[in-house]
Structures are given as structure tokens and as C-alpha cells.
Amino acid sequence: MTRVVVVGSGVAGLTAALEADARDGVEVTLVTKAALGTSNTAWAQGGVAVVTDAGDSVASHVADTLAAGAGLSDDDAVQVLCADGPEAVAGLMRRGVLFDVDAGDLARGLEAAHSHARILHAGGDATGAAISEALVARVRAAGIEVREHTLAVDLQLTQGRVCGLRLLDGTVLPADAVVLATGGAGQLYPFTTNPAVATGDGLAMALRAGAVASDLEFYQFHPTALAVPGSPLVSEAVRGEGAVLRSVDGHRFMTDVHPDAELAPRDVVARGIAAHMARQGGLPVLLDATALGTAFLARRFPTIDAMVRSHGLDWGAEPVPVSPAAHYFMGGVRTDLWGRTSLPGLYAVGEVACTGVHGANRLASNSLLEGAVFGRRVVEAVLGAAPQETFDAEWAAPVEVPSAATTEPLERADLQQLLWETAGLSRDAAGLERASALIGAGAVPPGADVKAVEDANLHVVGAAVVASALARRESRGGHHRTDAPGTDPTQARHSAVVLPAARLLIAGARESVPC
């Protein structure tokens, strides 16, 4: 019997659990720190980018993804994502996901930086929720052991191999394979479209265990979060349908920034908004969707429409205030094309992983597809059915993360504000060095509660982001250095991020301790 423990319950984790459970001789346990349906996936308003039309092609999807990745997307990984996408989406449909249709065919939308209308939606702007609900129902029906409201604290190792998961109550859940599918780390920042559970737990656990991470300097900030408490997302699909961005005096400013205006790559639009906000005294810019009409907005974007109106705004009649917010982590635990990490017994899929698909900047609506594609593939590796791959020594430039700072850990709000100011939309050496002196990667303190574990994880990931951003002395994709605004072709390499004394940071996980 092969014991597989999946950590996380978004599209990647749910898919991996279902695929593994369908194999003979596999015992699956799914661990999630909140309710089974709580994840970044469930919050996703955007759709799934996939080729389903004869007028489109995998080659075109590949080209768009590579262009968005700003020279750092891995060609093989992108080919896997786009070529395997149609079957992965068919698998979602077989598991009960009902994508929107138009005149009897799948409805396909256009989003920024896509050359074809290839975005599938479900429930208009509730695609993530539809996927989550369908897969959660399948997991429950399959009888997979699910441990909800269970926090994983660290990985358990013996003789250099991951052999289990240490939980908050101190017990160890033994495993032949641990699959991390814990999502992103939006709570690094005070303004984020992510749910409260997105505290970088899986990435922090992997780093403390000695796994290699990659590309942690690349964080995507969504251009249009509604400028109200909680930073709720206003999907890129709204701009895809024709909404435009205006200054407070009504000027459509993105036409001055990029030829594609509001449909330029996300990092371009987000920085364009931030720059314009600075010119107008910090006031949010305005998203003008009035030309689309009240009835269309309510029909096409029912979730966003209800959210906007809940804040007393009538976006069918007047523009609404928006500003950037942390949205998606391009970097993560380095994996091969089958989800294997640098640690035997440890796998990673979805946003917590870095396959090289996204490069320096994720193409809109590729993230749900990534979870569905690699959530299927990882099971082949877990069961030994996938071909072995080796990491190219020339693939990455090494980055070492400093140990814990000499000062006391920062309060979460202070850490978030520091990272927003120094490692947010724009960075420079002075700010990053200030952050590096204040943030360190330490162990989870003994007797920690959920918040203390999350705070420790945010410090580890924050320190790694800062170290990576300091090491990349150029601007590329989601990483913008005001003191190095150009893109340097000699730095077109991934980063390989490690904690020098990693395994010493895992209390109780020693090489001599068996699972």
C-alpha cells in the first residue's frame, strides 16, 4: 500500500487526491487547514485558459504564455501545460464542472495578452467556486480521508527523505509521498486578493526541510482590486469585455503606457496604475465599465456585481475605484515536469510549485489550468510511472536566505507593510537591504498556535522573497527594480533559493527519527 498525503484543497490538491485515489494500492489522506472548500481556487473569478476551438491552437497558447513569461518560462513546461490542457479540462467536466455555454457550444472569453478567445468560465465570474464545489463533492463521494481544520507544521525526514507530515498537535502523519498543494502567500502583503489562509505554509515547510525553491522574486499584483477594505478582486475579464481605466479627471491613461492599453500584461497595467495613483496624490484610479451596461454586468459578472453593489457602488452607472493588490506567486518549490522536488518523497503542484511555466509573469487564467494539469501528472511520479528527470546545473543562479534576524519577529501587520513598501510593485537595493535586516527565516516556535505558525511561515517566505529580489539586479516581469529598470539578457536565468541551515530549523525532525 502506497500512503499519499496531499496538503491543500484547491484545484491542484483535489485533483491529485482524486487521481491517486483512483489507483489500486494507494491510500490517500487530504489535509487542509480550513474547511475543504476554502482555497484560492474557490475565490478565482477568472477562467481557465485552454484550447477548445478549431480556430485556436496549442502553439498559439504556448506563444502567448512564453511572451507573458518575459524570457523565463520553461519551454517544455509550457508545452505540457498547453498540450495537456484540453484533456485536463475534459477531466474537470467529467467530474461535474459545468462551464458556461453559448448557442450550444462552450463560451470562450478573451483576456489580456491572449491572442484568441480561449477562456472558459463557469457561472460567469464564479469559475473557481464551480471547480472547487464539483471536486469537493467528488472527494467526499470517493470516501477519501479528509482532515479539515488540520494545520501541517513541518515535514518529517529520515535519512534525507520526506516520510511524513508533522501536525500542529505534535503527531506525525506517515507517508510514502507528501504532495504539497497549499497555494500562494498573498498574506505577505496588506493588500491581497487571496483568502486569509494564503500564508505560504507549504513553501515555508519545504524551505525549512532543505528543498530548493525558485523565482521567489516574481510576485504578480493584480491591477484591479476594488479599493475598499479586503481588496476584493475585479476580474481581468471585465477589461477583456471592454472596461477601461481612467484617472480621477476621466483621462484613459493606459493608452499612454502600452499599445495594448488595459489588456497589456498584468505587471505593466499594475505599475501603470500605481504610477498614476502617485501622480494623483495616492487616490485610486477608476475602472469604467459603464459602456457595458447594468444588465450585461449583472448577467456576465454576477459575483462581482453583487460584491460591488454591496459596497454601495453602481458600476453600471459610474466608474468605481480600483488599485493593485498581491495576487499570484510565480515562484515556489522547484519541481520537474511531474511535480518532483529536490527532496525524495516530496512533491508540489499548483501555486506552491515552480515548474517554470509562468516564468517572470503569469499569463491570465493559466493558474487553474496548471492545477488541473499538474495535479494529474504528479500521481504518475508518486507511483514511479513517470520518466526520471535531472535538473540542469546551468538552470539557475543560487540565492541564500539569511537566518533569523537578531531582532524579535515582526508583528504580521508590520511585516506586511514592510514588504509592501520594499518588495511590492517596485523595489530597490536600499529598501530590500532594510527589509533583509529586519526579516529572517526562523523555526516555528515550540507550542505555537495556528497564528504563530503562519507568522513564522510568512517570515521564512518573506525573507526568501527579499533575498531573491536583492539578487536579481534587473527588472523583468513581476520584479521591477527602480534602481535597475532595464532587462538584462545575461540575467535570463531562474533563481535557486535555499536556506543554508534548513533542516536545523525543523524542531523534532532529525535524520535519525523514523516516521
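1. Two strands are treated as paired if DSSP finds at least two bridges between them. On that basis, in this predicted model, strand 14 (residues 244-246) and strand 15 (residues 285-288) form an antiparallel pair joined by 3 bridges. Within this pairing, Arg246 has Leu286 of strand 15 as its bridge partner.

2. Strand 15 also pairs with strand 16 (residues 320-329); this arrangement is antiparallel and again rests on 3 bridges. Here Val285 is placed opposite Val322 of strand 16. In general terms, strands of a sheet pair through backbone hydrogen bonds, in either a parallel or an antiparallel manner.

3. A parallel open sheet is built from 5 strands in the order 7-2-1-11-18. From one strand to the next, the twist averages 20°.

4. Leu30 has Val146 in strand 7 as its bridge partner. Helix 1 packs on this sheet, where it touches strand 1 (2-7) and strand 2, and its direction makes about 160° with that of strand 2.

5. Helix 1 has a helical partner as well. Two packed helices are described by the angle between their axes and the distance between the axes. For helix 1 (residues 11-21) and helix 5 (residues 127-142), the angle is about 30° and the axes lie 10 Å apart. Because angles under 35 degrees count as roughly parallel, helix 1 is classed as roughly parallel to helix 5. The crossing of the two helices is left-handed.

6. The residues at this contact can be listed for both sides. Helix 1 contributes Val11, Leu14, Thr15, Leu18 and Asp21, while helix 5 contributes Ile131, Ser132, Leu135, Val136, Arg138, Val139 and Ala142. By class, the contact of helix 1 with helix 5 comprises 8 nonpolar, 2 polar and 2 charged residues.

7. Another open sheet, with mixed pairing, has 5 strands in the order 19-17-12-21-20. Strand 19 (353-354) and strand 20 (396-400) stand at its edges; since each has a single partner strand, one side of each is left without a neighbour in the sheet. Strand 20 runs parallel to strand 21 (residues 494-498), to which 5 bridges join it. In that pairing, Val497 of strand 21 is the bridge partner of Val399.

8. Helix 14 (residues 450-471) touches strand 20 and strand 21, and its direction makes about 130° with that of strand 20. Helix 6 (residues 201-209) lies across strand 12 (213-214), strand 17 (332-334) and strand 21, and runs at about 45° to strand 17.

9. A final point concerns a single residue. Is Gln416 buried or exposed? Gln416, which lies in helix 12 (residues 412-422), has a relative accessible area of 11% and is therefore buried, the cut-off for that class being under 20%. With neighbours within four places in sequence left aside, Gln416 is in contact with Gln187, Leu188, Tyr189 and Pro190. The C-alpha atoms of Gln416 and Gly462 are separated by 8.9 Å, although the two residues stand 46 residues apart along the chain.

Conventions
Residues are numbered from 1 along each chain as its sequence is written. This is a predicted model: local features need pLDDT of at least 70, side-chain atom pairs count only at pLDDT 80 or more; totals for chains, interfaces and linings use all residues. Side-chain values use heavy atoms; hydrogens and water are left out. Helices (H or I, at least four residues) and strands (E, at least two) are DSSP runs, numbered from the N terminus. Buried means under 20% relative accessible area, exposed over 50%, partly exposed in between (1.4 Å probe, protein chains only). Contact means heavy atoms within 4.5 Å. Axes are lines fitted to C-alpha atoms, for helices over the stretch in contact, and angles run from 0 to 180 degrees between N-to-C directions. Angles under 35 degrees count as roughly parallel, over 145 as roughly antiparallel, 65 to 115 as roughly perpendicular and the rest as oblique. A crossing is left-handed if the near helix is turned anticlockwise from the far one by less than a right angle, and right-handed if clockwise. Ala, Val, Leu, Ile, Met, Phe, Trp, Tyr, Cys and Pro count as nonpolar, Asp, Glu, Lys and Arg as charged, and the others, Gly among them, as polar.
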